[in-house]
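This report goes through one protein structure part by part. Please look at the sequence and the model before reading on.

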Amino acid sequence: MKKNFPNIKNIIFDLGGVIIDIDQNQITNHLKDNGFTNFELLNSPDVQSTLKQFECGIISAETFRKKLCYQLNLKVSASKFDEIWNSMILDIPQRRIDLVKRLKSHYHVYLMSNSNEIHYDLFIRDLQLRFGYHQFDNLFDKSFFSFDVHLSKPNPDFFTLILDRYKMKPEETLFIDDTPENILVAQKLGIRTYHNITGARVVNLFENGKLKENLNFDVIHE
């Protein structure tokens, strides 16, 4: 259904895969380079639980490193672990930073990310060194990270936390994310959505700091 939504007042962006380019296969490649071969372990309940705990800020970075290295039988230093873990993070293109800045003249612009302490430290270093922002709140009206609020997408409570805090009406809010499960939960809450398959596409949704007309919203793009 192609339709313009002139009543959109708020835009909530995902971070990885929308604002920042990522490639999760890089972690697998770097694990291989460090002698890891049992990749089935990555999907084990224990490992997935540890990943979720870290993403929601339940355990510290130090505890996360120790638990995951034990569960994967991975013998690397803390610095090497972080290098492997951060290898999936590629780049923040300048054009997307410029896009957010332009959008703030017409919308309230927010960031909503499933992220963790180790990735966040790298995000912030890049944001400061390349663009001069000391935190994401200096670029967006407000940023929300799962490890900080102890909630992660697709938990609907994460969405309602943001909606309630800023008294947003779901029908006046557009959520842009690259994960179908997150899109579906937002839709159930009445939030308008755009499924962004690749980060490069997000700038094409806008023109002169405003949403383009006749965009294909509220569908899952395969």
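What covers the buried residues of α9? The covering elements include α8 (156–165), β6 (173–177) and β7 (192–195), with contact taken as heavy atoms within 4.5 Å.

## Basis of the model

This is a predicted model, in which local features need pLDDT of at least 70 and side-chain atom pairs count only at pLDDT 80 or more, while totals for chains, interfaces and linings use all residues. Residues are numbered from 1 along each chain as its sequence is written, and side-chain values use heavy atoms, with hydrogens and water left out.

## Helix α9

Helices (H or I, at least four residues) and strands (E, at least two) are DSSP runs, numbered from the N terminus. Helix α9 spans residues 180–188, and Asn182, Ile183, Val185 and Ala186 are buried in it. The buried residues of α9 line one face of the helix, because they fall within an arc of 165 degrees when seen down its axis; the arc is that of the directions from the helix axis to the C-beta atoms. Buried means under 20% relative accessible area, exposed over 50%, and partly exposed in between (1.4 Å probe, protein chains only).

After α9 comes Gly190, whose phi is positive, near 90 degrees.

## Thr173 in β6

Thr173 is in strand β6 and counts as buried, at 0% relative accessibility. Its side chain makes a polar contact of 3.1 Å with the side chain of Asn10. Such a contact is a pair of N or O atoms within 3.5 Å; within protein, one must be able to donate a hydrogen and the other to accept it, and residues adjacent in sequence count only if both atoms are side-chain atoms.

With neighbours within four places in sequence left aside, the residues in contact with Thr173 include Ile8, Leu163, Met168 and Arg192.

## Aromatic pairs

The whole structure holds 15 aromatic pairs. Rings of Phe, Tyr and Trp (its six-membered ring) pair if their centres lie within 6.5 Å; planes under 30 degrees apart count as stacked, over 60 as edge-to-face and the rest as tilted. Phe145 and Phe147 form a tilted pair, because their ring centres are 6.1 Å apart and their planes are at 50 degrees. Both residues are buried.

Tyr194 and Phe217 have ring centres 5.9 Å apart and planes at 70 degrees, so this pair is edge-to-face. Tyr194 lies in strand β7 and Phe217 in the segment after β9 (210–211), so the pair ties together parts that are 23 residues apart in sequence. Tyr194 and Phe217 are both buried.

## Loop and segment features

A cis peptide bond, with omega about 10 degrees, joins Lys153 and Pro154. Pro154 is found in the loop between α7 (146–149) and α8. His150 lies in the loop between α7 and α8, and its phi is near 60 degrees, a positive value in a residue other than glycine. At 49% relative accessibility, His150 counts as partly exposed.

Asp218, in the segment after β9, has a positive phi near 60 degrees. Asp218 counts as partly exposed, at 22% relative accessibility.

## Lys66 in α3

Is Lys66 buried or exposed? Lys66 is in helix α3 and counts as exposed, at 57% relative accessibility. Lys66 and Phe13 are 53 residues apart in sequence and 32 Å apart in space, C-alpha to C-alpha.
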